[in-house]
Amino acid sequence: MLTIGTIVLGVNDVAAATKFWHDALGYVPREEGDETWVTLVPSSGPGAELSLMLSETPVQHHPRIHLDLYADDQSAEVERLVSIGAQRVDWDSYPDDPDFVVLEDPDGNRFCVIDKSPR
């Protein structure tokens, strides 16, 4: 049986990406990383791991894979993420009534903030 162990994002600056994702998710390095690689884990309890890998590959405008972050208060989380360095994306593929907002991290990696509030 297989399970997903870690999600890996290519980044331009591992230290800067570590700071952004720490501020965004509260994740901390599992062990000391370096300028080419670090794996972040939740500061307490279980959760998906996120590795940041130095990459020179250009960011895709419509990435084939991305992160979905769940939020109880989507608008507050979007504003908080923008305040720590995320950018809003002028997404051309929104449905009529989206439950998600597309952002990108400082390296241009796209991710979605999903509204998980009770409706």
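**Close-up views of a predicted model**

View 1. Trp 37 sits in strand S3, which covers residues 37–42. This is a predicted model. The relative accessibility of Trp 37 is 35%, so the residue counts as partly exposed. Together with Val 8 and Met 53, Trp 37 makes up a nonpolar patch on the surface. The three residues have about 240 Å² of accessible area together.

**View 2. A negative surface patch that includes Asp 96.** Four residues form this patch: Asp 68, Asp 96, Asp 97 and Asp 99. Asp 96 belongs to the loop between strand S6 (87–88) and strand S7 (100–104). Is Asp 96 buried or exposed? With a relative accessible area of 85%, Asp 96 is exposed, because exposed means over 50%.

View 3. Lys 19 and Asp 23 form a salt bridge, and their closest N and O atoms are 2.6 Å apart. Both residues lie in helix H1 (residues 14–25). They are four residues apart, about one turn of the helix. Lys 19 is exposed at a relative accessible area of 52%, whereas Asp 23 is partly exposed at 28% relative accessibility.

View 4. What separates Glu 77 and Arg 80 along helix H2? The two are three residues apart in helix H2 (residues 74–83), so about one helical turn lies between them. Glu 77 has a relative accessible area of 29% and is partly exposed. Arg 80 is also partly exposed, with a relative accessible area of 30%.

**View 5. The salt bridge between Glu 79 and Arg 88.** The closest N and O atoms of Glu 79 and Arg 88 are 2.2 Å apart in this salt bridge. Glu 79 counts as partly exposed at 45% relative accessibility. Arg 88 counts as partly exposed too, at 48% relative accessibility.

**View 6. A network of salt bridges.** Arg 30, Glu 31 and Glu 49 are linked to one another in a network of salt bridges. How many salt bridges does the count come to? The count comes to six salt bridges.

**View 7. The annotated span, residues 3–116.** An unreviewed UniProt entry places the feature "domain: VOC" at residues 3–116. The end C-alpha atoms of this span lie 24 Å apart.

Definitions and conventions: Residues numbered from 1 in each chain as written. Predicted model: local features only at pLDDT ≥ 70, side-chain atom pairs only at ≥ 80, totals over all residues. Heavy atoms only, no water. Patch = residues over 30% accessible without salt bridge, like charges linked within 9 Å, V, L, I, M, F, W, Y side chains within 5 Å. Areas by Shrake-Rupley, 256 points an atom, 1.4 Å probe, with all protein chains shown as cover. Salt bridge = Lys/Arg side-chain N within 4 Å of Asp/Glu carboxyl O. Lys, Arg positive; Asp, Glu negative; His and termini not counted. Charge placed at Lys NZ, Arg CZ, Asp CG, Glu CD. Buried < 20%, exposed > 50% of the residue type's maximum accessible area, 1.4 Å probe, protein only. UniProt positions renumbered as here; feature names shortened; annotations may be inferred.
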